[in-house]
Amino acid sequence: MKATGVVRRVDELGRVVLPCELRRVMHIKDRDSLEVFVDSDRIVLKKYEPACTFSGSADELFDYKGRKVSKQAIKEMAEIAGLL
């Protein structure tokens, strides 16, 4: 992990401000979503990239009932169902 030298306090509502330099470098814009992970004693923030519910792929996604599904997963399910 790369040290940045940036230290921020958590405010009374539990918020932390990400410095604009970090947001710029990580291509994080206003209203972007971040995923939160816990790794042992670390909190890791990652820019959220939607992925297919079934395959984890981020290519050619379609929204189906609030879920992301890839074109490839749809093809595979159609084959399993005997539709192709």
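**Entry 1: His27 and other positive phi angles**

I started with His27, which is found in the loop between α1 and β1. The model I am reading is a predicted one. His27 has a positive phi of about 55° although it is not a glycine. I noted this because most residues other than glycine have a negative phi. Is His27 buried or exposed? His27 counts as exposed, at 56% relative accessibility.

I then looked up Ser40. I found Ser40 in the loop between β1 and β2. Its phi is near 60°, again a positive value in a residue other than glycine. Ser40 has 70% relative accessibility, so I put Ser40 down as exposed.

Lys65 also went on my list. Lys65 sits in the turn of the hairpin formed by β3 and β4, and has a positive phi of about 50°.

**Entry 2: the β3-β4 hairpin**

I stayed with the hairpin. How many residues lie between β3 and β4? I see two residues there. Strand β3 covers residues 61-64 and strand β4 covers residues 67-70. The two strands run antiparallel, and four bridges join them. I followed one partner across: Asp63 has Lys68 in β4 as its bridge partner. For side chains I kept the general rule in mind: in a regular strand they alternate between the two faces of the sheet.

**Entry 3: salt bridges**

How many salt bridges does the structure hold? I recorded three.

I took Asp11 and Arg15 next. Their closest N and O atoms are 2.8 Å apart. Asp11 is partly exposed, with 25% relative accessibility.

Next came Lys47 and Asp32. Here the closest N and O atoms are 3.5 Å apart. Lys47 lies in strand β2, while Asp32 is in the loop between α1 and β1 (34-39), so this pair ties together parts that are 15 residues apart in sequence. Lys47 counts as partly exposed at 24% relative accessibility. Asp32 is partly exposed too, with a relative accessible area of 30%.

I then turned to Lys71 and Glu60. Their side chains meet in a salt bridge at 3.8 Å, N to O. Which parts of the chain does this pair tie together? Lys71 is in helix α2 (residues 71-80) and Glu60 in the loop between β2 and β3, so the pair links parts that are 11 residues apart in sequence. At 40% relative accessibility, Lys71 counts as partly exposed. Glu60 has 52%, and I marked Glu60 as exposed because the cut-off for that class is over 50%.

**Entry 4: cysteines**

I checked for disulfides and found zero. I looked at Cys20 and Cys52 anyway. Cys20 is partly exposed, with a relative accessible area of 34%. Cys52 is buried, at 5%.

**Entry 5: the largest pocket**

Rolling a probe the size of a water molecule over the atoms shows where empty space is left. How much space lies in the largest pocket? I have about 890 Å³ for this pocket. Its lining has 24 residues, with Thr4, Leu18, Leu22, Ile43 and Leu45 nearest the centre. The elements that give two or more residues to this lining are α1 (20-25) and β2 (42-47). Strand β2 gives the most, with six residues.

I sorted the lining of the largest pocket by class. It has 17 nonpolar residues, one polar residue and six charged residues.

I followed up Leu18, one of the residues nearest the centre of the pocket. Leu18 lies in the segment before α1. Its relative accessible area is 25%, so Leu18 is partly exposed. I also checked Leu18 against Arg8, which is 10 residues away along the chain. Their C-alpha atoms are separated by 8.1 Å.

**Entry 6: Phe54**

My last stop was Phe54, whose place is in the loop between β2 and β3. Is this phenylalanine, Phe54, buried or exposed? Phe54 is exposed, with a relative accessible area of 57%. I set Phe54 against Met77, which is 23 residues away in sequence. From C-alpha to C-alpha, Phe54 and Met77 are 10 Å apart in space.

Terms used:
Residues are numbered from 1 along each chain as its sequence is written. This is a predicted model: local features need pLDDT of at least 70, side-chain atom pairs count only at pLDDT 80 or more; totals for chains, interfaces and linings use all residues. Side-chain values use heavy atoms; hydrogens and water are left out. Two strands pair if DSSP finds at least two bridges between them. On a 1 Å grid over the protein atoms alone, a cavity is a set of points where a 1.4 Å probe fits but cannot get out, and a pocket is an open set with protein on both sides within 12 Å along at least five of seven lines; lining residues have an atom within 4 Å of a point. Grid points are joined across faces, edges and corners, and a volume is the space filled by probe spheres set on the points. Ala, Val, Leu, Ile, Met, Phe, Trp, Tyr, Cys and Pro count as nonpolar, Asp, Glu, Lys and Arg as charged, and the others, Gly among them, as polar. A salt bridge is a side-chain nitrogen of Lys or Arg within 4 Å of a carboxyl oxygen of Asp or Glu. Buried means under 20% relative accessible area, exposed over 50%, partly exposed in between (1.4 Å probe, protein chains only). A disulfide is a pair of cysteine sulfur atoms within 2.5 Å.
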